[in-house]
Amino acid sequence: MNRRVLLVSGLAVMAAAGIGASYFLNDRKMAETLAVGGPFKLTGTDGQEVTEAALMGKYSVFFFGFTFCPDACPTALNTFTLMMEKLGPAAEAVQPVFVSIDPARDTPQAMKEYLSSFDPRIMGLTGSPEAIAETARIFRVYYKKSGEDEYYLMDHSTAIIVMNPDFEYAGVLNGAMPVDEMTTRLQEIMQKDS
Amino acid sequence: MTSSLPRRCRRRLILAACALAIALPVALPVVFKSLPASADNLPHGELPHGDLLLRDAWARATPGGARTGAAYLRIENHGDTPDTLVGAAADIAERVEIHSMTMENDTMVMGPAGEIAIPAHGAIELKPHGLHIMLMGLKQPLAEGDSFPVTLDFAKAGSVQIEIDIHGIGSSGHSDNHSDGHSDDHSDEEHGSGDGEHSH
């Protein structure tokens, strides 16, 4: 057969496979079998080292943001606060976590002060730029610095990753969800997982 | 001088002065009322500025130690020609800019929005998860119940100072009467799905 025909059809087959794989990768069900979330080593608001060991036994709910953010991050943290209230006794099984993707500005002290305005059960985590980058990679969270001077902002994904008590990926929420929707969706995830 | 006038003229002069003394206090308030109004005697939160009407200016209280804040408002253009919001300034922060927040796939992207056009007989809304007045390098926290001034610059209407009311940390604006949403479930904003399922 003509070599060119072979090449073109070969490429076509590979492209089709690529499209198919991409479709599956974007499918949430498929994502659950790929590793999302995993072991980490970060710093808590008292400067202490925190690993996934601190979160085992509860459903941890990870939101990645930064304190220089005037709108989306306070909104998500406020939603966490309201959700913990709404859950009532079920909140015992939930651990909200706020991880900074702006460790240069978000020191443990800054995180502590910021989180004092929200539910005290929210765990704040920061760390070295390398540790944060590694954690974001494990949780498949995108973030990027935008702007050059001291008032730089961060583009970042608003996906909230839910890990089960065995610290396995259990589901995903979104920071822009209203509290009713987030609470219901979290309860669904917890029921489905148990 | 009046002493040189005939008595009849003097009497008429006195009569005219009395009439004026009575009429003036009555007429002046009517004249003032017809002048462009200040913010004091308008429905709360409305400020006319040329063809524009600025209203419902608010901001959220800031979390502990936060160095940024955001202010929101509605700007209506009741004129026949478009105008443009070209900038903002405030003493409460080191730097003030108009920013946008957009979602690109699942990623939130925030940054300077440039100049914002306000169409004739149209309006723009600065609100959470959208356009906002970005306050960077806050010199003091934004405390619920307080207010602070912001100057907005318009290409046609010029500059105007407006007072921004500070709501609770979880407020969604003037659509709720609760300051921080703790006592109600409606901490979400009215944008987004727009399927009208909100019941306030």
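Predicted model: local features only at pLDDT ≥ 70, side-chain atom pairs only at ≥ 80, totals over all residues.
Leaving aside neighbours within four places in sequence, with which residues is R105(A) in contact?

Figure 1. Beyond its neighbours within four places in sequence, R105(A) is in contact with F66(A), F68(A), A110(A), E150(A), Y151(A) and Y152(A). One of these residues, F68(A), lies 37 residues from R105(A) in sequence, while the two C-alpha atoms are 8.2 Å apart in space. The side chain of R105(A) also reaches the backbone oxygen of Y152(A), at 2.6 Å.

**Figure 2. The salt bridge between D102(A) and R105(A).** Side chains of opposite charge can pair when their charged atoms come close. Here the side chains of D102(A) and R105(A) meet with an N to O distance of 2.8 Å. The two side chains are also in polar contact, again at 2.8 Å. D102(A) counts as buried because its relative accessibility is 2%, under the 20% limit for that class.

**Figure 3. The salt bridge between E188(A) and R185(A).** The closest N and O atoms of this pair are 3.3 Å apart. Both residues belong to helix α6 (residues 179-193) of chain A, and because they are three residues apart, about one helical turn separates them. With a relative accessibility of 41%, E188(A) counts as partly exposed.

**Figure 4. The salt bridge between E125(B) and R74(B).** In this pair, the closest N and O atoms are 2.8 Å apart. The link joins distant parts of the chain, since E125(B) is in strand β8 (residues 123-126) of chain B and R74(B) is in strand β3 (residues 68-77) of chain B, 51 residues apart. Both partners are partly exposed: the relative accessible area is 36% for E125(B) and 25% for R74(B). Salt bridges with shared partners join R55(B), D56(B), R74(B), E76(B) and E125(B) into one network. Over all chains, the structure holds 14 salt bridges.

**Figure 5. The nonpolar surface patch made by L7(A), L11(A) and M14(A).** These three residues form a patch of about 330 Å². One of them, M14(A), is found in helix α1 (residues 3-26) of chain A. M14(A) counts as exposed because its relative accessibility is 55%, over the 50% limit for that class.

**Figure 6. The polar contact between S171(B) and H167(B).** S171(B) is found in the segment after β11 (158-167) of chain B. Its side chain makes a polar contact with the side chain of H167(B) at 3.0 Å. S171(B) is buried, with a relative accessible area of 0%.

**Figure 7. The cysteines C69(A) and C9(B).** A disulfide is a covalent bond between the sulfur atoms of two cysteines. Over all chains, the count of disulfides comes to zero. C9(B) is in no disulfide, because the nearest cysteine sulfur, that of C18(B), is 16 Å away, whereas a disulfide requires the sulfur atoms to be within 2.5 Å. C9(B) is partly exposed, with a relative accessible area of 37%. C69(A), by contrast, counts as buried at 1% relative accessibility.

Notes:
Residues numbered from 1 in each chain as written. Chains lettered and ligands numbered in written order. Heavy atoms only, no water. Patch = residues over 30% accessible without salt bridge, like charges linked within 9 Å, V, L, I, M, F, W, Y side chains within 5 Å. Areas by Shrake-Rupley, 256 points an atom, 1.4 Å probe, with all protein chains shown as cover. Salt bridge = Lys/Arg side-chain N within 4 Å of Asp/Glu carboxyl O. Helix = DSSP H or I, 4+ residues; strand = E, 2+ residues; numbered from the N terminus. Buried < 20%, exposed > 50% of the residue type's maximum accessible area, 1.4 Å probe, protein only. Polar contact = N/O pair within 3.5 Å; in protein donor to acceptor, adjacent residues only side chain to side chain. Contact = heavy atoms within 4.5 Å.
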